[in-house]
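I opened this notebook to look up the pockets of one structure. The entries follow the model shown here.

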Amino acid sequence: MPDERSMPGSSEARQVATIIRTEFDSAEQNAAQVVLPDVTESDKDLPGYAAALSKLPGVARVDGPTGSYVKGVQAVARTAAHGRFVLDDGSCLSVVPASGDPDAAPQLVHDVRAQDAPFKALVGGMAADSIDATDTLVDRLPYALGAVIAAMLVLLFLLTGSVVLPFLALVLSALSLTATFGALVWIFQDGHLVSLFGDVNVTDSIASTIPAVLFALSFGLAMDYQVFMLARIREECVRTGSGTAAVAQGLERVGRMVMAAAVLISIVFLGFIVSGISYVKAYGIGLPLAVLMDATLIRGALLPALMRLGGKATWWAPGFLRRLHARFGLHESSQAPAAPRSPDAPPYAGVL
């Protein structure tokens with residue numbers, strides 16, 4: 001998750017954090033907080049657990065209600081200052097890392113959570129917040145993807161009457177998204193050409209929320225453009241019965257509109273580049289790149305080319321789905337097609 005390093009160099013918050021990290025012993029601010037519900041300082045297992053945590057790699061010391069521990073032994077006996085680790089309904093420990101580098105803190109959290117505890121132990125802190133937020137995004141991602149993919153497949157089938165085109169559309173959308181994610185990694189994570197976009201601090205990572213938001217916005221816009229294009233091509237197929245002519249005429253009718261819409265929305269997204277926050281700049285690069293790539297290379301070249309190569313197979317659907325589309329398919333008007341076909345016939349019989 002973003003921290004002060006995402007701020008511009010002129011930001012006082014970033015300057016203070018940098019000075020504290022480089023000129024002071026600031027490891028304690030990245031400490032992992034371990035809360036032990038219903039565990040009092042008199043619990044016989046508490047000193048042993050604190051000592052075990054102090055032996056973990058990258059741990060400078062462990063502070064708790066019974067004292068401070070270093071390398072598995074008690075280095076400081078309990079003082080009045082250690083009373084702050086006594087809670088009304090339990091105890092807590094502060095696991096202080098040996099390094100003030102914030103990038104080392106996540107590994108410390110993983111090590112503390114992997115350590116066997118004789119009682120319930122809850123691990124928190126800034127690094128733990130970042131880990132848990134990212135893990136939650138990843139855990140819920142399959143549900144989000146499943147819902148989006150299922151909805152898109154159903155809606156595109158109702159629009160086109162084909163079971164091939166919806167899957168083709170999803171594959172091409174994924175292709176443009178992966179190219180966009182690769183560009184963001186190359187620029188904001190690896191640091192290539194980053195100087196072109198102002199004061200950006202390269203941290204060898206990308207905020208975990210960026211891919212999720214980019215997917216939602218760019219995928220939605222890509223499918224929006226695709227609906228316009230496929231609707232026109234389908235309309236020409238119904239009218240002429242020629243797949244070759246339908247692709248050409250559909251592109252001619254809607255291509256300029258899609259490109260103009262892509263340019264306009266990209267200009268809006270490019271405004272994010274002037275932000276002084278690095279992850280907002282990433283939106284200003286990723287969103288226009290995804291939209292323009294999808295409107296030109298994907299929808300303007302790859303999709304029509306694959307439809308032309310697929311020929312009649314592009315519009316294939318099994319008989320029961322053809323009958324379903326004939327009854328519930330999406331149309332732009334209530335008027336029947338000029339040349340009605342039997343529901344049991346291919347959606348566009350004779351299309352070449």
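I began with the lining of the largest pocket, whose residues divide into 17 nonpolar, 12 polar and 5 charged. I counted Ala, Val, Leu, Ile, Met, Phe, Trp, Tyr, Cys and Pro as nonpolar, Asp, Glu, Lys and Arg as charged, and the others, Gly among them, as polar.

I noted that the model is predicted: local features need pLDDT of at least 70, side-chain atom pairs count only at pLDDT 80 or more, and totals for chains, interfaces and linings use all residues. Residues are numbered from 1 along each chain as its sequence is written, and side-chain values use heavy atoms, with hydrogens and water left out.

I looked up the volume of the largest pocket and found about 830 Å³. A pocket here is an open set of points on a 1 Å grid over the protein atoms alone, where a 1.4 Å probe fits, with protein on both sides within 12 Å along at least five of seven lines; lining residues have an atom within 4 Å of a point. Points are joined across faces, edges and corners, and the volume is the space filled by probe spheres set on them.

Of its 34 lining residues, Met1, Pro2, Asp3, Arg5 and Asp103 are the closest to the centre of the largest pocket. I found α1 (12–23), α3 (105–114), α4 (126–160) and α8 (278–310) each giving two or more residues to this lining; α4 gives the most, with 5 residues. Helices are DSSP runs (H or I, at least four residues), numbered from the N terminus.

I then turned to the second largest pocket, which holds about 470 Å³ of space. Its lining has 19 residues, with Leu141, Leu145, Pro211, Ala212 and Phe215 nearest the centre. Here too α4 supplies the largest share, 9 residues.
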